[in-house]
Amino acid sequence: MKLTLALVVFVLFLYPCEVFSQYLKGFVKNSSGVAVPYTSIYIEEEKKGLVTNNEGLFQINLLPGNYTFVYKQIGYKAQKQSISIQKDKACEVEITLMPYPFYEYQNTDRKIELTGNDILNKVTRKAASYTSYDADAYIKGNLTLTRITELTNTVVKKIENVNVSDLENKIIHQEINCTVKYTAPDSYKIQVNGYTGNIADAMNTRGAIGLLSESLFSDWFNGSISPLGRRVSSYYKFKYKGYYLEDGKVINKIEVVPRYDDYKLLNGDLYITDDGNITCAKLYRKFQGLETVNQITYQTIDGHPNLPITYQTDISINILGNKGNVTYLTSLKYKKIDNGGEAIGVISRGDERPKINDKIKFNKDAYTQDSTFWDSIRMFPVNTERLEILDHFRLKERIASKPWYGKALLGDYFLGNDSSKWSLRYGGVKMIFRDYNYVDGFWLGNRFYLKSQIDKDQQLEISPYIYYTTARHRLIGGSDFTYNYLPERAGKLKFSIGSHTADFNSLSITRYNNYFSSLFLGKNYNSFYQKDYVSVNNDIDLTKKLKLTVGLGVERRAGLNNNTDFTIIERDNITPNINPDKRFDRTYYSVGLSYVPFANYTIQNNESPLVFHLQYEEGFSSWQTNNSQYRKIKGGAVQNIRLNYFDKLDYKFEAGAFIGPRKNLHFADYQFYGAPDLVFNLGSLFDSFLLLDNYELQANHYWVTLSFNYASQYFLLKRLSFLQGKPFFEGLHFKTLYTPDIKFYSEIGYSINITRLFGMGVFSSFNNFDYKTAGVRFSLNLQSLLLLKD
């Protein structure tokens with residue numbers, strides 16, 4: 001093979017780097033000479049960990065000097081090795097690990113559990129005193145796709161313009177460098193300084209970077225309930241399996257056994273000293289076609305125990321016949337270690353899963369670090385494995401050039417992208433036939449999204465839409481202009497202008513429900529009026545606990561008649577549109593406040609378990625036709641209470657009234673409630689009255705509503721062993737409404753749900769405590785998705 005001049009220069013340049021940079025290369029094997037992969041290594045003088053690759057190899061760049069290496073791997077005796085690094089002299093070492101004798105503990109099941117609990121309690125008591133630290137981390141990831149189905153390859157090829165079968169049995173790599181700042185008891189900040197490779201960002205975040213922002217001593221770890229968190233005896237059994245000796249110290253092996261077969265629970269082993277320090281953890285988790293194994297090695301550094309030095313994560317993938325494996329190897333070097341103090345009772349959000357992305361920030365140069373940067377921190381030699389890595393396979397660039405028909409089908413950016421200064425996005429096929437009803441006929445058109453990033457604190461979004469209505473033979477449309485400012489205050493100024501039909505009760509049956517029932521079943525549930533409007537609204541957080549919302553609008557409103565009766569099956573159930581041929585204009589303003597009493601939560605990310613709200617709205621002026629004039633005030637509270645890891649209670653209370661004179665108060669301005677009386681609906685089982693017609697009940701005087709929802713992973717059905725771990729939960733529901741017209745209306749129910757998006761339940765209703773009716777309801781809550789908000 002002929003070498004090009006550039007390649008010769010590169011080789012000559014690379015060679016002296018190997019000589020003068022004092023690389024130490026090593027190999028870890030067992031007594032048979034076979035490599036011991038994923039061995040954890042701790043360099044005492046550097047306060048640094050590293051981990052060998054799958055071939056038992058490692059490398060590190062060290063200054064000349066003397067170093068002590070400590071090698072650890074489950075099943076082998078810990079070994080120490082003194083190594084001298086000399087200037088201008090390459091160094092290669094080998095170490096042979098010997099298996100340790102394990103002394104198995106045999107006794108009754110009860111005694112095995114009692115002993116395991118006693119040892120575990122030593123760890124949790126010791127964890128009350130946390131250690132704050134600053135550390136550097138290096139992460140190496142390898143992804144191998146061992147099987148790609150023909151269907152997957154075809155779909156991805158059509159939509160993303162990527163022949164994904166080219167990746168089969170090839171290695172896709174990832175390297176990440178970051179700093180970790182941990183402040184006890186539960187504050188993590190991660191700064192990513194280097195980031196290169198083609199593994200999906202979401203997998204890198206959850207499978208590698210995210211682990212650095214979590215601790216086994218917290219309540220959640222890697223999306224699961226940690227076996228070292230609070231109240232864990234309700235979720236885990238701890239079995240004492242035996243011990244081995246390491247430098248004269250007893251290392252106890254505790255088997256972690258989940259009480260339920262649930263994806264939120266881990267199983268595996270913890271290795272704990274007699275004085276309550278954890279030396280290693282190996283934990284397993286299965287969830288949605290992914291099997292994850294995390295092995296963490298801990299070290300006592302400068303008298304501070306329980307500090308992680310290496311992570312080895314192995315993820316097996318088996319999704320719809322597509323198979324693969326991802327391995328992440330993570331090494332930490334400690335720069336600063338401080339006493340964190342007592343942490344009992346301080347962690348404020350232990351029952352909620354932490355939001356990983358909130359803790360991770362990317363340096364502006366992270367994606368552009370050069371080879372010199374990576375060579376200086378890389379922990380593994382450039383061997384034959386590296387030759388298979390698909391550096392040439394620029395997945396992100398291929399996706400950016402996806403074919404036009406993929407963009408047309410799903411909607412996509414025609415100019416720019418999500419991170420560019422300017423971008424233009426098209427709504428896709430789902431937005432072409434936006435609606436069908438007997439007033440308008442079909443809506444034919446689309447919506448577009450224009451975004452401009454003015455600077456880091458200001459953003460402008462414009463979303464125009466235009467449609468032709470086939471039954472009314474007229475154009476409808478409009479646009480929203482949204483200016484986002486002061487991100488630390490979540491400032492949002494929105495100006496809207498438009499002309500289209502609106503539903504009298506937009507809280508009940510969605511337009512999509514009405515769309516399909518009108519088109520296929522000849523049944524129209526919703527009534528519409530023409531709405532020509534201009535409005536402006538502004539939201540801003542006055543403090544971290546108080547949000548202000550103000551709005552002003554002018555509306556020209558008119559009743560309409562049905563203009564078509566086209567339906568595919570039958571026309572017998574078509575009803576006339578209500579309030580036709582009337583004008584009922586409105587000019588109004590509104591002021592609202594939301595208050596979160598707990599200082600540790602913000603309104604912006606909706607994390608607060610308790611929110612109070614108060615709103616005043618007034619329709620005024622008579623300059624239009626038949627102007628609606630009224631004053632309405634309402635207020636209430638919403639709270640989500642996490643009872644434990646598997647059970648949750650939420651309630652919503654609201655009371656309100658129309659005060660003073662109500663001149664020309666029109667039906668469209670009444671207080672409405674969610675009431676989709678449909679067997680199959682696109683609303684929520686949790687937030688709506690499910691046995692009321694959408695126009696059956698509304699208030700024009702005063703009202704009080706109250707709802708309770710109890711959601712449990714293990715309430716009734718899932719206590720059966722064959723249903724444990726299945727992705728559903730059970731709910732109990734109580735909702736009630738009081739108005740002067742009907743007094744008390746109530747509903748009770750039981751439901752089975754896959755998240756809050758899909759569920760089915762049985763409900764009964766009562767009028768003034770007298771039984772009214774009952775029914776079965778199915779919900780696909782698309783109303784909460786952007787699909788129905790556009």
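Which residues is Ser-226 in contact with, leaving aside its neighbours within four places in sequence? The first close-up gives the answer, after a quick word on the model.

This is a predicted model, so local features need a pLDDT of at least 70, side-chain atom pairs count only at pLDDT 80 or more, and totals for chains, interfaces and linings use all residues. Residues are numbered from 1 along each chain as its sequence is written, and side-chain values use heavy atoms, with hydrogens and water left out.

**View 1. Ser-226 sits in a loop between two strands.** The loop runs between strand E13 (224–225) and strand E14 (236–246). Strands (E, at least two residues) and helices (H or I, at least four) are DSSP runs, numbered from the N terminus. Leaving aside neighbours within four places in sequence, Ser-226 is in contact with Leu-216, Phe-217, Ser-218, Asp-219, Trp-220, Phe-221, Val-232 and Tyr-236; contact here means heavy atoms within 4.5 Å. Ser-226 counts as buried because its relative accessibility is 0%. Buried means under 20% relative accessible area, exposed means over 50%, and partly exposed is in between (1.4 Å probe, protein chains only). The Ser-226 side chain also reaches the backbone oxygen of Leu-216, at 2.4 Å.

**View 2. Here is the largest nonpolar core, with 68 residues.** A nonpolar core is a set of buried Ala, Val, Leu, Ile, Met, Phe, Trp, Tyr and Cys residues joined through side-chain atoms within 4.5 Å. The members that touch the most other members are Tyr-133, Val-192, Leu-212, Leu-216, Tyr-236, Leu-270 and Tyr-334. Strand E9 (residues 129–147) gives the most to this core, with 6 residues. Another core, of 23 residues, lies apart from it and includes Leu-62, Tyr-67, Ile-85 and Met-379. In soluble globular proteins, nonpolar side chains tend to be buried together.

**View 3. Zoom in on Tyr-334 and its contacts.** Beyond four places in sequence, Tyr-334 is in contact with Glu-46, Lys-47, Tyr-133, Asp-134, Ala-135, Ile-301, Leu-307, Pro-308 and Ile-309.

**View 4. Asn-306 is a buried residue in strand E19 (residues 304–319).** It counts as buried because its relative accessible area is 12%. The side chain of Asn-306 reaches the backbone nitrogen of Ile-278 at 2.9 Å. Leaving aside neighbours within four places in sequence, Asn-306 is in contact with Phe-217, Asn-277, Ile-278, Tyr-298 and Gln-299.

**View 5. Tyr-426 belongs to strand E23 (residues 422–426).** At 13% relative accessibility, Tyr-426 counts as buried. Its side chain makes a polar contact with the side chain of Asn-446, at 3.3 Å. A polar contact is a pair of N or O atoms within 3.5 Å; within protein, one must be able to donate a hydrogen and the other to accept it, and residues adjacent in sequence count only if both atoms are side-chain atoms. Have a look at Leu-415 too: Tyr-426 and Leu-415 are 11 residues apart in sequence and 9.7 Å apart in space, C-alpha to C-alpha.

**View 6. Helix H9 (residues 511–521) has a set of buried residues.** They are Tyr-512, Asn-513, Asn-514, Tyr-515, Ser-517, Ser-518 and Leu-519. What covers them includes strand E24 (433–437), strand E25 (441–455), strand E29 (528–541) and strand E35 (680–681). Just after H9 comes Gly-522, with a positive phi of about 65°.

View 7. Most residues other than glycine have a negative phi.

View 8. The protein averages 85, and 87% of the residues score at least 70. Among the elements, helix H1 (residues 5–20) has the lowest mean pLDDT (33), while E29 has the highest (97). Over residues 383–400, pLDDT stays under 50.

Definitions and conventions: pLDDT is the predictor's confidence in each residue, from 0 to 100.
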